[in-house]
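Dear colleague,

Please find the structure that I am handing over to you below.

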Amino acid sequence: MTTTTTAPAADARMLGLAHYAARGVLEHVLGRHGVTFLQQMSLRAAVTADAPLTPDELVARVRASVKGDPADAHAALDALLAKALLVADGPHLLPTDAGRELLATVAAEAAPLSARVWGNIPPEDLAAAGRVLALVTERADRELAALERATED
């Protein structure tokens with residue numbers, strides 16, 4: 001007897017479940033290093049910036065990714081400064097060697113976990129998912145911007 005399974009249609013719930021499952025894996029790794037997801041996102045934004053950023057510029061980058069409260073992003077920056085993973089240089093925040101090393105360590109520890117999560121998914125499925133997720137992100141960003149503008153009025 002052959003059993004046929006039908007994959008559920010992608011929707012907001014499925015996207016959320018996948019996001020939080022994958023994020024949970026990463027947060028487990030981050031927790032071993034005493035760093036939160038938002039702190040890691042903030043540190044990564046500082047490390048990958050083309051030029052040094054001010055705290056407000058870093059908060060804007062983090063908010064563009066995680067859509068969170070600016071106060072939470074500022075608190076993440078304060079924690080990174082307290083842990084000497086970022087350092088103030090005039091008006092800018094720069095990643096320290098320890099901050100760069102932490103990101104490299106987390107990436108190395110997360111790599112085999114990520115490989116097991118993403119492994120053996122056909123490239124054409126990943127490409128299709130990438131196109132759909134990019135479109136959903138674009139549309140959701142547009143809706144969020146409209147909601148925020150309406151709130152300001």
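**What was found**

Alanine 12 has its place in helix H1, where helices (H or I, at least four residues) and strands (E, at least two) are DSSP runs, numbered from the N terminus. This is a predicted model, in which local features need pLDDT of at least 70 and side-chain atom pairs count only at pLDDT 80 or more, while totals for chains, interfaces and linings use all residues. Residues are numbered from 1 along each chain as its sequence is written, and side-chain values use heavy atoms, with hydrogens and water left out.

Alanine 12 is exposed, with a relative accessible area of 67% (buried means under 20%, exposed over 50%, partly exposed in between, with a 1.4 Å probe and protein chains only). The C-alpha atoms of alanine 12 and valine 136 are separated by 9.2 Å, although these residues are 124 residues apart along the chain.

Strand S1 (residues 86–89) pairs with strand S2 (residues 92–95) in the antiparallel sense over four bridges, pairing being called when DSSP finds at least two bridges between two strands. Valine 87 stands opposite leucine 94 in S2.
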